[in-house]
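Here are a few notes from going through this one, jotted down point by point. Have the structure open while you read.

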Amino acid sequence: MSSDALGGTAGGTTGSEQETPKERTTRKWNEMLQELRVAQTGIQIITGFLLTIPFSDGFEELTTADEVAYLVTVCSSILSAGLIIAPVAFHRVLFGKSEKEWLIHAADATARAGLALMAVTMTGAVFLVFGRVVGHVAATIAAAVAAVVLVTLWLVVPLFGGEREEDEDDGGGDDLQRRAS
C-alpha cells in the first residue's frame with residue numbers, strides 16, 4: 001500500500017507539514033469515513049442478527065432479565081448504527097456548503113457515541129449468549145470481562161499509548177490528548 005493511501009505523501013512523510021488547511025480537512029474527513037465504514041459494517045451485522053432473535057424457537061422462554069437485556073441490546077445496537085451513519089446524513093444535507101470542518105467535529109462526536117453504544121451492544125450480546133448457554137452468573141462475568149476488554153482497547157490504550165504531537169488535531173481529540181498527557 002502506498003503512503004498516499006495511508007494519509008501521507010508519496011515522499012514518505014506524513015504530509016501534515018506540507019498540506020494546506022483544505023487538504024488537511026479533506027484528509028481528516030476521508031480518514032473519518034474509512035473508520036466509520038468499519039464500525040458501520042460491524043454494527044449492522046450485529047443488529048441484523050439481534051433482530052432475528054424474537055423469531056427463533058425458544059425466545060418466549062426468556063426470563064424477564066433476559067428480555068430486558070435483549071431490549072437494551074437491540075436499542076443500543078440501533079442507536080449505535082444511527083449515530084455511526086449520521087455523518088453521512090450530515091454530509092448529504094450540507095453538501096457543497098463548505099462545512100467540512102463542522103462535519104469532522106460532528107462526525108467525531110457521533111462516532112464516539114456510536115462506538116460507546118456498540119460496546120454496550122457487544123457486551124449485551126455476550127450476556128445474552130452466555131446466559132442462554134451456561135446461566136446468568138457466567139453471563140454476568142463474561143459481560144463484565146467483555147466490557148473491561150472493550151473499554152481497555154477502545155479507550156485506555158489509545159489515551160495512554162503512543163506519542164502525541166502537540167499540534168496534531170485528528171477529529172476533535174485534542175481534549176483527550178491533553179488529559180492523557
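1. Going from the N terminus, the elements run α-α-α-α-α. That is five helices and zero strands. Keep in mind that this is a predicted model.

2. Some whole-protein numbers. Of the 181 residues, 31% count as buried. The protein exposes about 11300 Å², and carbon and sulfur atoms supply 66% of that. Among contacts with a separation of 6 or more, 67% come from residues 24 or more positions apart.

3. Now the pairing of α2 (residues 64-94) with α3 (residues 100-133). Their axes come within 8 Å and cross at roughly 160°. Anything over 145 degrees counts as roughly antiparallel, so α2 is roughly antiparallel to α3. The crossing itself is left-handed. As for who sits in this contact, the residues split into 21 nonpolar, nine polar and one charged.

4. Next, α3 with α4 (residues 136-160). Here the axes also come within 8 Å, with a crossing of roughly 155°, which makes α3 roughly antiparallel to α4. This crossing is right-handed.

5. If you want to look at the α3–α4 contact residue by residue, the α3 side includes L115, M118, M122, V126, F127 and F130. From α4, the contributors include A139, A142, A143, A146, A147, L150 and W154. Counting both sides of the α3–α4 contact, there are 15 nonpolar residues, four polar and no charged.

6. A last one to check on screen: which residue of α3 in the contact with α4 is a glycine? That's G131, and T123 is also on the α3 list. On the α4 side, look for H136 and T140.

How values were computed
Residues numbered from 1 in each chain as written. Predicted model: local features only at pLDDT ≥ 70, side-chain atom pairs only at ≥ 80, totals over all residues. Heavy atoms only, no water. Axes fitted to C-alpha atoms, helices over the stretch in contact; angles between N-to-C directions. Helix = DSSP H or I, 4+ residues; strand = E, 2+ residues; numbered from the N terminus. Parallel < 35°, antiparallel > 145°, perpendicular 65-115°, else oblique. Left-handed = near helix turned anticlockwise from the far one by under 90°. Nonpolar A, V, L, I, M, F, W, Y, C, P; charged D, E, K, R; others polar. Contact = heavy atoms within 4.5 Å. Buried < 20%, exposed > 50% of the residue type's maximum accessible area, 1.4 Å probe, protein only. Areas by Shrake-Rupley, 256 points an atom, 1.4 Å probe, with all protein chains shown as cover.
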